[in-house]
Amino acid sequence: AYYKQYSDAYFGVTMKKQGWDCLRHYEILLSGSIPYFLDLDKVPERTIAKFPKKLVLEAMSLRGVPSQAEVKQALQKGRTVPVN
């Protein structure tokens, strides 16, 4: 069910928890979704150096994709945000 949720979605929300790097970011990619990485622009340059940061930030900026503020607000309310 965990991987199926990612494979059925365009984006999978991820963020820093204990640290910046974890398998979840790569699990989302391997499931065929794009990581919607909250605060990715705050990751130190040499951290998760092999992760496609620029490409993910570009995808998160596409028209119809909710802003980070919208996603954070939805998460606080336990909701999902549609991608138009």
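**View 1. Thr14 and the residues around it.** Set aside the neighbours within four places in sequence, and Thr14 is in contact with Arg24, His25, Ile28, Pro35, Tyr36, Phe37 and Leu38; contact here means heavy atoms within 4.5 Å. This is a predicted model, where local features need pLDDT of at least 70 and side-chain atom pairs count only at pLDDT 80 or more, while totals for chains, interfaces and linings use all residues. Residues are numbered from 1 along each chain as its sequence is written, and side-chain values use heavy atoms, with hydrogens and water left out. Thr14 lies in strand β1; helices (H or I, at least four residues) and strands (E, at least two) are DSSP runs, numbered from the N terminus. At 1% relative accessibility, Thr14 counts as buried (buried is under 20% relative accessible area, exposed over 50%, partly exposed in between, with a 1.4 Å probe and protein chains only). Its side chain makes a polar contact with the side chain of His25, at 2.7 Å. For a polar contact, take a pair of N or O atoms within 3.5 Å; within protein, one must be able to donate a hydrogen and the other to accept it, and residues adjacent in sequence count only if both atoms are side-chain atoms.

View 2. Beyond its neighbours within four places in sequence, Tyr36 has a list of contacts including Phe11, Gly12, Val13, Thr14, Met60 and Val71.

View 3. Glu70 sits in helix α4 (residues 68-76), and with 42% relative accessibility it counts as partly exposed. A polar atom of the Glu70 side chain lies 2.7 Å from the backbone nitrogen of Ser67. Glu70 and Leu38 are 32 residues apart along the chain, and their C-alpha atoms are separated by 11 Å. Ala69 is in helix α4 too, and counts as exposed at 54% relative accessibility. From Ala69 to Thr14 it's 55 residues in sequence and 14 Å in space, C-alpha to C-alpha.

**View 4. The largest pocket.** Its volume is about 410 Å³, and 17 residues line it, with Phe11, Gly12, Val13, Thr80 and Val81 nearest its centre. The elements giving two or more residues to that lining are α1 (2-7), β1 (11-14) and α4. Sorted by type, the lining has 13 nonpolar residues, three polar and one charged; Ala, Val, Leu, Ile, Met, Phe, Trp, Tyr, Cys and Pro count as nonpolar, Asp, Glu, Lys and Arg as charged, and the others, Gly among them, as polar. On a 1 Å grid over the protein atoms alone, a pocket is an open set of points where a 1.4 Å probe fits, with protein on both sides within 12 Å along at least five of seven lines; lining residues have an atom within 4 Å of a point. Grid points are joined across faces, edges and corners, and the volume is the space filled by probe spheres set on the points.

**View 5. Asp39 and Ile48 in the loop between β2 and α3.** Asp39 is found in this loop and isn't a glycine, yet has a positive phi of about 65 degrees. Ile48 is found in the loop between β2 and α3 as well, with a positive phi near 40 degrees. Ile48 is buried, at a relative accessible area of 7%.
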